[in-house]
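Trainee: I am new to this structure. Could we go through it together, step by step?

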Amino acid sequence: MLMIRQRRPAIRTLRGWAISVLQEAGAICECEEHGWMQDLADPHARERAFVIAHQDPPAGVSSEAAAAAIAEVLDGIGDTCPECPSVELS
């Protein structure tokens, strides 16, 4: 059976591409209520995102630059939404 690989939609910025790849890999998600990105702290998903960056970087971008963009986005995302009420543990 012939498998057709679906291409990712065109992204305007390298940061946008990195966010898209991280979402696709399951490394980050969006807060449904406020729209903030949240790091899911899944090491396997992070690794998948870096593999995608190395194997399929956007046109005109080196695999090293694509991986650096993934790392930069991950460094700027927390694991909680800043607008959601925090749960206090006693």
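Trainee: Which strand holds Gln-38?
Mentor: This is a predicted model, where local features need pLDDT of at least 70, side-chain atom pairs count only at pLDDT 80 or more, and totals for chains, interfaces and linings use all residues. Residues are numbered from 1 along each chain as its sequence is written, and side-chain values use heavy atoms, with hydrogens and water left out. Strands (E, at least two residues) are DSSP runs numbered from the N terminus. The place of Gln-38 is in β2.

Trainee: Is Gln-38 buried or exposed?
Mentor: Buried means under 20% relative accessible area, exposed over 50%, and partly exposed in between (1.4 Å probe, protein chains only). Gln-38 has a relative accessible area of 17%, so Gln-38 is buried.

Trainee: Which side chain meets Asp-39 in a salt bridge?
Mentor: Side chains of opposite charge can pair when their charged atoms come close. A salt bridge is a side-chain nitrogen of Lys or Arg within 4 Å of a carboxyl oxygen of Asp or Glu. Here the N to O distance is 2.3 Å, and the partner of Asp-39 is Arg-46.

Trainee: Is Arg-46 buried, partly exposed or exposed?
Mentor: Asp-39 is buried, at a relative accessible area of 9%. For Arg-46 the relative accessibility is 29%, so Arg-46 counts as partly exposed.

Trainee: Which elements do the buried residues of α1 pack against?
Mentor: The buried residues of α1 include Trp-17, Ile-19 and Leu-22. They pack against β1 (28–30), β2 (37–39), α2 (43–55) and α3 (63–75).

Technical notes:
Helices (H or I, at least four residues) and strands (E, at least two) are DSSP runs, numbered from the N terminus. Contact means heavy atoms within 4.5 Å.
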